[in-house]
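Hi there,

Here is the structure I promised to pass on to you. Have a look at it first, and then read on for my notes.

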Amino acid sequence: MDPAPTISTQGLTRRFGELMAVDGVDLRVAPGQFFGFLGPNGAGKSTTIKMLTGLLAPSSGRIEILGIDLNAHPVEVKRQIGVVPEGMALFGRLTGAEFLSFAGRMYGLDRTTAAQRAAELLDFMQLADQPKKLVTDYSHGMQKKLALAAAVIHGPKVLFLDEPFEGVDAIAAGTLKSMLQGMIARGATIFLTSHVLEIVERLCSHVAIIHQGRLVAQGSLEELRAGVEAQTPAGSGNGTSASGEKLTLEQLFLRIVGGERRTEQELSWLG
Amino acid sequence: MTSALHRRSQLSAIAELRWRMFVNGLRSKRGKMELLSRIIVTAAFALGGLGSFTVATGLSWFFVSQDKTELLPLLLWPIFFFWQVFPVMATAFTNNPDSGELLRFPLTYRSYVLIRLAYGFFDPASALGSVGLLGILLGVSFGRPSLFPWTLLVLSTFALFNLVLMQTVFAWLERWLAQRRTREIMGVLFILVMLSFQLIGPMMERVGRKPHPEFSRATQIVTQVQAVLPPGLAADAIAQISHAHILVGFTSLLFLGALALAVGSLLHLRLRAQFRGENLSEAAARPSVAQVQGMQVGWNLPGFSQPVAAVFEKEVRYLARSGPMLLTLVMPIFMLVIFRLGPMNPMRPSNAIGRTPDMAFPGAAAYALLVLTNLVFNSFGGDAAGVQFFYASPVHFRQIMLGKNLTHASVLVANTALAWIAVSYLYATPHLAVSIATVAGLLFAAPLNFTAGNLLSIYSPRKRDFATFGRQNVSQTTVLASLGVQIVIVALGAAAFAIARLYRNLWIATIFFLVLAAISIPIYWSFSAALTASRSSAETPCWRSCVGRSYPKV
């Protein structure tokens, strides 16, 4: 029997006037999964993650996080999750330590514990060597690391990350990845959206793809490959590319979403 | 495309951008409210402008037709003071969008300066100052039509000087307040200036007791000094030409132009630095390994939960690092000094305010409440994208607002205490009954302000940068609403004190205020209780304004 899902949605829908941003999404993320949520621009990823973290009310549908109904108990859910939203949610005129200590206390830690964890996190993230620097003066990569540190300071069971690797250099990305993998090893569940499919392929055990507000695929990479195979004409390959290699996530994504590159369109004025 | 054409194209694109932003803003209800508020505020300013225009026209006509042009400084000095002081005193009405955002485009330095000056020209202080100058131009021209071209030239130079000076003051204040060290130097200078004002009282008393010669000598010195300052120079340029002293008049205009150039070069220093991408961050130099950060335990606030204490600490730290905001907060003390020199001067007992010096403390306390408006009525403005954190955290909004309001209350208490000390030094120790009545008044006024402020902070916010000065795009709805609340508070306060004085019993005011406080405090609590974390928070104006993303976004 499957364990109770950490994240589950039923018929999750969000309308903005006549625009159906998210249309009847049924998600199921099992405990301990590193779950990648993919989709082209404007597919509904950010809207979905905002609904899952209690930042945006759904038009209809049900969300359960760790078995708790988000609509009925939003504060209880927020206490158990960590979020790195798109804009990182940082307070620019605090130092890194001040911000982390603040974040810890907002999540219910006592002052001493918050300070201890803040110091440890800053050290782990290699942000401890400039204690007086304000967050506003941090580089983009440093801000991403700090945002992640703030999201995990209370030891959440579920972590939601919206584009955590966007604009992050290889060194900072390495630090982030090692922390996330450590969390997965300790049993946490991570739900992330990213446009960098190579990273998702390397990190995530399971993936869902949303397109025009609808969930078009969900499962492990192997399950996705099998799904693509089932939809392709017989004898054209077992989830493999023309060269016989296994399809990469990018290839799978393009086949599922049906992305066609407009290579023939001319922009003659470009140099 | 030639560079001139290119520049013109850029400037028209920026003008169109402002227009499109305005028109697109009208799509939302909040935008329409904003337009309505702007119309009301503009109408109020227009009335003020009409008044100053009429007075300036009438008096300048009178001075010229009676051949008393040496009195023209009496018109130009108030305009000068208003132009320079009003934007600093009432930053809420200052409407100078941050032109620095345009620097990402290939803008020439000249275009950048022009945009900065154009934004400054549309500031209410500039508009009203210009209307006053137009009044003088018309008055002088009616009095003696032959003076029109010369007066036009002189007043245009004077207007340009004022415009450039206002931008220079903003730019340099921002520079000095941006970093801890320069801020500390500014703080010390401010305290020294305040202390030096202590000498004014004894000096005035000495002058008052002695016969007039010394006083008239001082007046002579002041007259001579003002004559070489911009308003005096402008007035002199017109007066001298009216007396056919062409060379002297021309020299005065030349001096005025030279001063405008000197101030302009100071502005150039600042704008050039901004144009080149100056970073006034407070980043410390990379420390040695030994300096690596230790554990920093947060503040404890007995009786309050961890989140409330954390928000309080965060707000105080923000304020402490926000020089421009701190400057605004010390304004009540500055105003006490100004009043000490002006209407509440003991040398002028005939003045209405001068007859009631015991009202200095309530007045200063009311002003302390007024300067909090920027903070209380837009309390998420400085948080920018950090607002998301509040929505994502497992904390009810009432706790967040409580933390913020505690900070506001602390600032109010500190400011009121400072005002009490300043009043004691500058005037006389406020009577016990006055002091208690004032505190009771604040007990009523503060919760009322906080209630309205919390609602407007959520429903009509504007993102603002605490590090900039006079370059904020404020919400006119908030300005108007906060003004309405302040007018009600001041009217009730003035009525209470007037009745109490009528019956010669200030305790009447205390009781009146306590009764009002008994109403306003429960109102505050009930509104606070209603502020729970909104489930549709990403759609609230607060989110949209501060995070910068508006829905629908998918």
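**Confidence in chain A**

Among the elements of chain A, strand 5 (residues 60-65) has the highest mean pLDDT, 94, while helix 8 (residues 221-231) has the lowest, 80. Please keep in mind that this is a predicted model. Over chain A the pLDDT averages 85, and 92% of the residues score at least 70. Where pLDDT is low, the predicted coordinates should not be read in detail.

**The nonpolar cores**

Next, the inside. The largest nonpolar core is made up of 100 residues, and Phe99(A), Leu100(A), Leu146(A) and Ile190(A) have the most contacts inside it. If you set aside the neighbours within four places in sequence, Phe99(A) is in contact with Leu90(A), Phe91(A), Leu94(A), Val135(A), Leu146(A) and Ala150(A). Another core, of 50 residues, lies apart from that one, and includes Ile333(B), Ala366(B), Phe513(B) and Leu516(B).

**Two residues with positive phi**

Glu163(A) has a phi near 50°, a positive value in a residue other than glycine. You will find Glu163(A) in the loop between strand 8 (158-162) and helix 6 (170-185) of chain A. Glu163(A) counts as buried because 20 C-beta neighbours lie inside 10 Å.

In chain B, Ala244(B) is also not a glycine, and its phi is positive, near 65°. The loop that holds Ala244(B) runs between helix 10 (230-242) and helix 11 (246-275) of chain B. Is Ala244(B) buried or exposed? Ala244(B) has 8 other C-beta atoms within 10 Å, so this residue is exposed.

Enjoy exploring!

Best wishes

Note on methods:
Residues are numbered from 1 along each chain as its sequence is written. Chains are lettered from A and ligands numbered from 1 in the order in which they are written. This is a predicted model: local features need pLDDT of at least 70, side-chain atom pairs count only at pLDDT 80 or more; totals for chains, interfaces and linings use all residues. A nonpolar core is a set of buried Ala, Val, Leu, Ile, Met, Phe, Trp, Tyr and Cys residues joined through C-beta atoms within 7 Å. A residue is buried if 20 or more other C-beta atoms lie within 10 Å of its own, exposed if 12 or fewer, and partly exposed in between; C-beta atoms are placed from the backbone. Two residues are in contact if their C-beta atoms, placed from the backbone, lie within 7 Å. pLDDT is the predictor's confidence in each residue, from 0 to 100. Helices (H or I, at least four residues) and strands (E, at least two) are DSSP runs, numbered from the N terminus.
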